[in-house]
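Q: I have a model open and want to go through it quickly. Can you take my questions as they come?

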Amino acid sequence: FPWHWHSAFEIDLVTGCDIRFDFEGTSLNISQGNAVFINSQKIHSYQPENSVKYKTYAFLFEPLFLAGQYNGEIFQKYIIPIMNSDISGLEIPASDPAFACIKEIIYLAEEEPEYFEIQIRIQLEKLWCMILEKVKSEKVKAPVYKEDSERMKQMLNYIHSHYEIG
C-alpha cells in the first residue's frame, strides 16, 4: 500500500503473512496474527514480507469519535498528546491485553449485533486507555526525517489534487 496519511487513527490486524509498515524514518515488522496502531497525520505505507496472500483488518476512526468534541477536556487531555507525539506506530502483539479489544471490535463490525456501534465505542475506549498506558511506559524514538515527511505530504497533496484519470 503506497505512502499516505489521514486524520484518522488506524488499527490494523495482520493475517496471512508478516507485513512491514514504514513510517517517517522508521519501520515496524508486524508478524501475522498481531496488530499495529497508526497515529493520526503520520505518513505511512506497508507491504507484505512475501508474496503469500495476506489480509489486514483495518479499523480507522477519527479523533472526534473518542473525544466527543474538539477542544473538550478528553480531547485536550487524552487525544492531543498522542496526536502531537513522535509516535508513528505501535505494535500490539496478540499476547497484549489490548489485542482482545481489537478482536472484539472486528467481530462487532462484521456481525453487527444490536447496538454494535455503541459496543465498538466501548471497546475502542478501553483500547485507547491501554494505548495511553503503553505510550507512557515506552521510550518513543523521534522520527529521523521529519522535514522530509512534510515535503512528501505536500507533494502527495499536489499530486492528488492535480492528477486526473483518463
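Q: Which hand does the crossing of H3 and H4 have?
A: The crossing is left-handed. Keep in mind that this is a predicted model.

Q: What's the packing angle of H3 and H4, and how far apart are the axes?
A: The angle is about 160°. The axes lie 9 Å apart. H3 covers residues 97-111 and H4 covers residues 116-137.

Q: So how do we describe H3 and H4 relative to each other, roughly parallel or roughly antiparallel?
A: Roughly antiparallel. The cut-off for that label is an angle over 145 degrees, and theirs is about 160°.

Q: What about the loop between H3 and H4, which residue has its place there?
A: Tyr-115 is in that loop. Its phi is positive, about 65°, although Tyr-115 is not a glycine. Most residues other than glycine have a negative phi.

Q: Is Tyr-115 buried or exposed?
A: Exposed, at 54% relative accessibility.

Q: Which other residue has a positive phi of about 65° although it is not a glycine?
A: Gln-41. You'll find Gln-41 in the loop between E4 and E5. Gln-41 counts as partly exposed, with 34% relative accessibility.

Q: Let me zoom out. How many helices and strands does the protein have?
A: Five helices and seven strands. From the N terminus, the order is β-β-β-β-β-β-α-α-β-α-α-α.

Q: And how much of the protein is buried?
A: 40% of the 166 residues count as buried.

Q: On to sheets. What is the strand order in the open sheet of three strands?
A: E3-E2-E5, with antiparallel pairing.

Q: Which strands stand at the edges there?
A: E3 (27-30) and E5. Each has a single partner strand, so one side of each has no neighbour in the sheet.

Q: How many bridges join E2 to E3?
A: Four, and the two strands run antiparallel. E2 spans residues 19-22.

Q: Now E4. Which way do the residues of E4 point?
A: Ala-35 and Phe-37 point one way, Val-36 and Ile-38 the other. All of these are buried. E4 is residues 35-38.

Q: How many bridges join E4 to E7?
A: Four, antiparallel, with E7 at residues 89-92. Ala-35 stands opposite Ile-92 in E7.

Q: And how many join E1 to E4?
A: Four again, and E1 and E4 run antiparallel. Val-36 in E4 is the bridge partner of Asp-12.

Q: Switching to rings. How many aromatic pairs turn up in the whole structure?
A: Nine.
A: One of them is Phe-1 with Tyr-46: the ring centres are 5.6 Å apart and the planes meet at 10°, so the pair is stacked.

Q: Where do Phe-1 and Tyr-46 lie?
A: Phe-1 is in the segment before strand E1 (9-15), and Tyr-46 is in strand E5 (residues 45-48). The two are 45 residues apart in sequence, so the pair ties together separate parts.

Q: Is Phe-1 buried or exposed?
A: Exposed, with a relative accessible area of 54%. Tyr-46, by contrast, counts as buried at 11%.

Q: What about Phe-59 and Phe-61, how is that pair arranged?
A: Tilted. The centres are 5.9 Å apart, with 35° between the planes. Phe-61 is buried, at 4% relative accessible area.

Q: Which residues do ring pairs link into a cluster?
A: Phe-9, Phe-37, Phe-59, Phe-61 and Trp-128. Phe-37 is also one of the buried residues of E4.

Q: Last one, the proline in H2. Which residue is that?
A: Pro-81, and H2 runs over residues 73-83. Pro-81 counts as partly exposed, with 42% relative accessibility.

Terms used. Residues are numbered from 1 along each chain as its sequence is written. This is a predicted model: local features need pLDDT of at least 70, side-chain atom pairs count only at pLDDT 80 or more; totals for chains, interfaces and linings use all residues. Side-chain values use heavy atoms; hydrogens and water are left out. Rings of Phe, Tyr and Trp (its six-membered ring) pair if their centres lie within 6.5 Å; planes under 30 degrees apart count as stacked, over 60 as edge-to-face and the rest as tilted. Buried means under 20% relative accessible area, exposed over 50%, partly exposed in between (1.4 Å probe, protein chains only). Two strands pair if DSSP finds at least two bridges between them. Axes are lines fitted to C-alpha atoms, for helices over the stretch in contact, and angles run from 0 to 180 degrees between N-to-C directions. Angles under 35 degrees count as roughly parallel, over 145 as roughly antiparallel, 65 to 115 as roughly perpendicular and the rest as oblique. A crossing is left-handed if the near helix is turned anticlockwise from the far one by less than a right angle, and right-handed if clockwise.
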